[in-house]
Amino acid sequence: MNRVALITGINGQDGYYLSRFLKSKNYEVHGITSCSKPGIGEPPKNCHYCDFAEGSNLNKIINEVQPDEVYHLAAQSHVRLSFDLPVYTAEVTGVGTLRLLEALRYYEEQSQKKVRFYQASSSEMFGKVVESPQSETTPFHPRSPYACAKVFSYWQTINYRESYGMFACNGILFNHESPRRGEAFVTRKITKAVARIKLGMQDKLFLGNIDAKRDWGFAGDYVEAMWLILQQDQPDDFVIGTGETHSVREFLEAAFNAVDLDWKKYVEIDPQYYRPAEVELLCADPSKAREKLNWKTKVSFEELAQLMVEADMKLTQQEKILGDATS
Ligand code: GDD
């Protein structure tokens, strides 16, 4: 019989890549999303609705789906926005995880079935880093309501493992991007603007702190790590990243270079995109994942910028044709 996976936040970037990956491994994939669109049509097959800010129907969904593996990706995941919505972010990104863990504990107790649980932990937890690169043993110093909520979820995951013997694991993922990345995150904001500028649809790109450094990889590679983490004999926590760090400035250069433009002519700084507290530098030490999971990234920083620009060029060209046809 096929194994059953339940992915929360299935409509996000990682949900997209993970569900494709698991289907290629013959899983029956179910998803939870909060983006209900009543009136537009029937919900897609195996799609369940739940808002992690309250989670009242989680027990029902888990009972119905009877998952072997649960990948908890749902969150209010935008760091800047979490400063405007701190309580909502704590509810969804923090307490939401606890709601799910508690529902799974109850399900395990009732059904006598074991479930493997993956928590989407984040490199943002390292925040004001105390050492570089950051590994599984680096202490946390969260710098946003989002990061504080993720630290809460990280420890709840470990707490359920240690208290109830649950197979609960953290993947501490560094930034991972793709053409499916939301447009409010810096890489996609840049690649979309590059395409629009190249096609004459936009003049300027406004950004915040372009000196911030991140460890950026390709999301398609990272979902395999999530799966590998749940295939180990023992539940454990893993840092997942490339081991390389680059500034936003370097990403700008790579993205504009991909279409032969000089970024300096188009980019302006707008303080509205600054954060009350910034995470200046993130860089992963992924040795444990390399050793125990035999995992490493396959797409380089330059390739990532290039593939995102190419995808946005195609998308924007189509939008332009559609716009011209309807105007
Ligand atoms: N979003 C955004 N928009 N970021 C900007 C901008 C801008 O206009 N200008 C500069 N930046 C800087 C941010 O200040 C930050 O230092 C960096 O670009 C990356 O910002 P994001 O792409 O928004 O990602 P993030 O690093 O804050 O968080 C992402 O990665 C985490 C993993 O480390 C998110 O995906 C989190 O959910 C995830 O946990």
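I take buried to mean under 20% relative accessible area, exposed to mean over 50%, and partly exposed to mean in between (1.4 Å probe, protein chains only). By that scale R80, at 22% relative accessibility, is partly exposed.

I note that this is a predicted model, where local features need pLDDT of at least 70, side-chain atom pairs count only at pLDDT 80 or more, and totals for chains, interfaces and linings use all residues. I number residues from 1 along each chain as its sequence is written, and side-chain values use heavy atoms, with hydrogens and water left out.

I searched the whole structure for salt bridges (a side-chain nitrogen of Lys or Arg within 4 Å of a carboxyl oxygen of Asp or Glu) and found 19.

I looked up R80 next. It pairs with D84 in a salt bridge, with 3.7 Å between the closest N and O atoms. Both sit in helix α3 (residues 79-84), four residues apart, about one turn of the helix. For helices I use DSSP runs of H or I, at least four residues, and for strands runs of E, at least two, numbered from the N terminus.

I then turned to helix α4 (residues 86-111), which holds both E102 and R105, three residues apart. Their side chains form a salt bridge at 2.8 Å, N to O. E102 is partly exposed at 33%, and R105 is partly exposed at 22%.

K288 lies in helix α9 (residues 287-293) and D236 in the loop between α7 (219-230) and β11 (238-240), so the pair ties together parts 52 residues apart in sequence. D236 is partly exposed, at 22%.

Last, I found a network of salt bridges linking E183, R188, K192 and D312.
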